[in-house]
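This report describes selected side-chain arrangements in one protein structure. Please consult the sequence and the model shown here while reading.

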Amino acid sequence: MLRERLKKFIVAQSVWKLTLLSILSATLISNAVVCVFSVWRWQVIIPELIGLSTFVSILTPLLIMPPILRTFRKLTRLEERTRLQTEQIELLKSQQKNELAAQKQADEIALLHRLGVAIASGRNLYEALAALHDEINRTLKADVFYVGIYDWETDVIHYPISFNDNQPFLITKRKLKETPGFSGEVILGGKTVYLKDITLEDQRTKYVPIANTYREDLHSFLGVPLVVSGKVFGVLSVQSKEVDAYSAEQIRLLESFTAQAAIGIERAALFDQFQKESNERNRVEKGLFEQEALLQAVTFTAEKLINAVDWRAHIDSILERFGATLHATHVYLFERHILPNGQMGSSMRYEWTAAGYPPELFRFQNVPPVASGFGEYYNLMQMNEAFTGNAFTFREAEKKHFSALGIKSVLEVPVFVHNGWWGTLGLDDFVQARVWGNAEIDAVKIAGGILGASIQRQEIDSAVRESERKYRRAIEAAGAVPYYHEYGVERLQFMGMGIETITGYSAEEMDLARWNSIVKEARMLGDLEAYSEKDATQLVWQGQVKTWQCDYRIVARDGQSRWVSDSAVELFNENGRPYASIGIMQDITERREVEANLRHREAVLSVIAFSAEEFLQNQNWRDAIASVLEQLGRVFNLSHAYLFENHLTPQGVFVNSLRYEWTAPGQTPDLDNPVYQNVPLDDSTPENYLHAREYFIGHSSQIIEISERDRANGIQALLETRIMVDGQYWGALGFDEKNHAREWQTLEVEVLQIAANILGAAIKRQKDKETLQQELDQRTALIAELEMKNRELNDFTYTVSHDLKSPLVTINGFLGYLKQDIQSKEPERIESDLQRIQNAVLKMQQLLNELLELSRVGRMINAPETAPFEKLAREALELTHGQLAAKKITVHIQPNLPAIHGDKPRLIEALQNLIDNAAKYMGNQPNPQIEIGAKTEETGEMIFFVRDNGLGIEPQYHERIFGLFNKLDAKSEGTGIGLALVKKIVEIHGGRIWVESEPGQGSTFYFTVK
């Protein structure tokens, strides 16, 4: 150090100064020596010697020092120049080393970019993984390569792709936790596993290799977990025959490959899953559409036949509707009748055939019964059950018969009229041996039942009309129960003897007073139908209506209610005034009962059609159930119609509860009665019996069949049927009667079962639609997530191809300048070029480091923990203390902040970036302040914030600032990744982040964490 200072001093002084200094120094030294010598030698100082010494001391420096000093200076300058050149060479070597490192990182990023493009271009999971294998195979030695996808819910791992010596091979899926092997160590451990030699005994014992993923000649194993949003969903593995085949650099590179590929692999896997689920959804939707079409076909049948005068006028359109709906080849109606030989046979009366198939009507006329081998068929028809079969399920005789006709599949249901087998409604398929679904069978059975009811009604109507014709002719011919009434006289002048048969009173007993006492109701008919009895009497007396027609409901002597038809004509005198009437009476009680039954059956058919239409038109069956219960209750004249629904209690007990009801006027509702809510299904309730039987009938006289619960509630008769949904006992639809112990008719049971079946189909349809909607919502969320990940991938690709290019261009340009400046030997320009190159390298290094940090968010996750938010904020302040102190920024943290659960280091990093951002853009604020706190929204959501009083941000930039490399001030410090990193950390924690700011008003960054 002293030598260097001396050199600098000599070089800095002028020659004459150094010469003078040398003379003075030489004079003083030589004179001192002469004096000392004179005293020592002669004991006295000799002036002449001192003078001579002074002369020599002056002369010698004058002659010697100038050339010596000039030579010394030249040597010093040469040494300095040599030192500078040495330093520059060392700097160039260091720069070259940095450039090589930067070039290597750029090559890796370019490789990652190619990998991302290759994966993104794959149309499905296999193509994406094949592209991944090709890219990795160019970089690493992989004798075995595979990718495993793991489902945490099912514990199943499957291998969508695997290569053995670059040839695809199959690895079977398995339960991972049962046989983890190497893949289980990677996935369940959530970290990279590198084994240098897996043939060692301790390695085999520890990991127990799986047979179909392990080769005896393999040594090195390297497995990297596939991670997206902090969750491991698979493993990527390469294996080599060499021992310790992979270096630390190659392991790091494969980890980068895997991190880059994970999003693409997950996207492709989700897309494959979405395609499969979409196909399943389409299949379910098709089933729903088919069920709706069946309901519409049944409704169409009911609408056509309920009020039809002649069912034959509509049967062709009904057959065509069912043929088109069920995609049958042939739909037909057989009618059973007596053959000329006296045996029972049948004939095809109506048919519909699909396009391209000839009619069959002529072939099936007066067909005798086929007895041999068709016993099961006839038993089913007699029991009012459907017969179904196809070429694979027919019995031997059936197969022979139907095969001769070219029929591969058949569905037939009996048509019952007056409780007898009237005919057969059937469908054939000549194309395929199809299996008829339950919904199709039920729909055809319902149509057969509606047709039978319509045929029966028409036959009864015809019989009633014929009976009326005969009775009228008989009365007209024989004058049965005639009468003659002369006005003004209390007694009837004449009454036929048959009146006693009708009323129980003899002709002598019957007078006007008696007649008026037994009449309870009068219904005018014919031209008088629209008038009251009093007004009708005036019209007849005035001669405006020729015939008096009225039906009376009377109470006979025996107390029975009867209906009597009265038809009379007026007798007028010469003045045109009526003086008497002559007429006939007949008992029409039976006809009235038949008509009432017909009206009742029509009402029953109407309520079936109404139920089907209501459940078909309403998307939610619960919107229609009240009106359906009311219709059922009114048609059957019930006290109570209700619906029980099975469900689970919060404790997991299977119970049922009364959910909907209709009560007749004057009856007490049971919906709020606790005995009908949350009833366990293990007691002796009717709903428990429905586990094993289709319906339940109970009367007060049958003690076993009426539970104590219902008996205590005053129920004297009860009818319930179960509702089945997806083959499961869903609930019960029922009637009960409190007024009397009525006997339940077969028609009532059948209608209740049909209504329950229609309701079950509506419930299933609604459940299927709700399930489809939920799946659609989930698919929509997954698609949105995939789109977000694609945007992140595009941003990353854009950064690699654009933002990292700028430093490389700067380095390349100034390397050329540096070469020119070295050749021209201009030190200052060389120094400037080197500085610019150094700055570009540092910028690239900073970009790469921050990109790497951004890519690790969500992949290299720390164990979540709960910590007070105030503690996190103070740790972030410690990390930013230097910048805050330099700018004299005051920071205030709200007291009593809540605790927060998550990745503590990442959350601190997010707060650090927000505080750095606030300090960086504080501007010239004389009193800079930062506030950290939290607030609670009305919804209960906790929102954290970092607020400053700095420069503020224009509203149009509020979204842009969270993008990658989006800096509002290009000259400001940093790379523009900070807020993008904060956004990603917040989103990884299930939250969101936004800013509220105005120019000059400071900024507040809000964020949430779930």
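## A buried aromatic pair

Phenylalanine 644 and tyrosine 676 are both buried, where buried means under 20% relative accessible area, exposed over 50% and partly exposed in between (1.4 Å probe, protein chains only). The model is predicted: local features need pLDDT of at least 70 and side-chain atom pairs count only at pLDDT 80 or more, while totals for chains, interfaces and linings use all residues. Residues are numbered from 1 along each chain as its sequence is written, and side-chain values use heavy atoms, with hydrogens and water left out.

Rings of Phe, Tyr and Trp (its six-membered ring) pair if their centres lie within 6.5 Å; planes under 30 degrees apart count as stacked, over 60 as edge-to-face and the rest as tilted. The count by this rule is 29 aromatic pairs.

## An aromatic cluster and a charge

Phe374, Tyr377, Tyr378, Phe387, Phe394, Phe402 and Trp421 make up one aromatic cluster. Arginine 336 lies over the face of tryptophan 421, at 3.9 Å from the ring centre. A charge sits over a ring if NZ of Lys or CZ of Arg is within 6 Å of the ring centre and within 35 degrees of the ring normal. Arginine 321 is likewise placed over the face of phenylalanine 300, at 4.9 Å from the ring centre.

## Glutamate 720

Glutamate 720 is buried, with a relative accessible area of 1%. Its C-alpha atom is separated by 9.4 Å from that of leucine 643, 77 residues apart along the chain.
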